[in-house]
Amino acid sequence: MKTSILISAIVACALSAPIVSAQDKSAPAKPAMSMDMDKPMLQMQENMKKMQAQMERLRATTDPKERQ
């Protein structure tokens, strides 16, 4: 009986070790945006504003030809 309890305890510890070690790792820190990423980011933001304005015009119009 003691042998089966001992074996069960060893197996439980062996199976839980990867779970515990996986929880110890922290998420890698995000790299800071470099200066050369600013220009493309600004362009993307401008494009997003243009697309939003176009979508607003599409929602506001009732003429099907104008939508096309």
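**Labels and the values behind them**

Tutor: To start with the surface, the protein chain has about 6,900 Å² of accessible area, and carbon and sulfur atoms account for 64% of that. Keep in mind that this is a predicted model.

Student: How much of the chain counts as buried?

Tutor: Of its 68 residues, 1%.

Student: And what is the secondary structure made of?

Tutor: Three helices and zero strands, so in order from the N terminus the elements read α-α-α.

Student: Where is confidence highest and where is it lowest?

Tutor: Helix α2, residues 38-60, is highest with a mean pLDDT of 91, while α1 is lowest with a mean of 68. Over the chain the average is 76, and 66% of the residues reach at least 70.

Student: What does Thr-61 touch beyond its neighbours within four places in sequence?

Tutor: Glu-66 and Arg-67. There's also a polar atom of the Thr-61 side chain 3.4 Å from the backbone nitrogen of Asp-63. The cut-off for a polar contact is 3.5 Å, so that distance falls within it.

Student: What makes Glu-56 and Arg-59 a salt bridge?

Tutor: The general idea is that side chains of opposite charge can pair when their charged atoms come close. Here the closest N and O atoms are 3.0 Å apart, and the cut-off is 4 Å, so the pair qualifies. The structure holds one salt bridge.

Student: How are Glu-56 and Arg-59 placed along helix α2?

Tutor: They're three residues apart, which means about one helical turn separates them.

Student: Why is Arg-59 called exposed but Glu-56 partly exposed?

Tutor: Exposed starts over 50%, buried is under 20%, and partly exposed lies in between. Arg-59 has 55%, so it's exposed. Glu-56 has 49%, so it's partly exposed.

Student: Which residues form the nonpolar patch on the surface?

Tutor: Ile-7, Val-11 and Leu-15, with about 290 Å² of accessible area together.

Note on methods. Residues are numbered from 1 along each chain as its sequence is written. This is a predicted model: local features need pLDDT of at least 70, side-chain atom pairs count only at pLDDT 80 or more; totals for chains, interfaces and linings use all residues. Side-chain values use heavy atoms; hydrogens and water are left out. Patches are made of residues with over 30% relative accessible area and no salt bridge: like charges are joined within 9 Å, nonpolar side chains (Val, Leu, Ile, Met, Phe, Trp, Tyr) within 5 Å. Accessible areas come from the Shrake-Rupley method with a 1.4 Å probe; for residues, only the protein chains shown count as cover. A salt bridge is a side-chain nitrogen of Lys or Arg within 4 Å of a carboxyl oxygen of Asp or Glu. Helices (H or I, at least four residues) and strands (E, at least two) are DSSP runs, numbered from the N terminus. Buried means under 20% relative accessible area, exposed over 50%, partly exposed in between (1.4 Å probe, protein chains only). pLDDT is the predictor's confidence in each residue, from 0 to 100. A polar contact is a pair of N or O atoms within 3.5 Å; within protein, one must be able to donate a hydrogen and the other to accept it, and residues adjacent in sequence count only if both atoms are side-chain atoms. Contact means heavy atoms within 4.5 Å.
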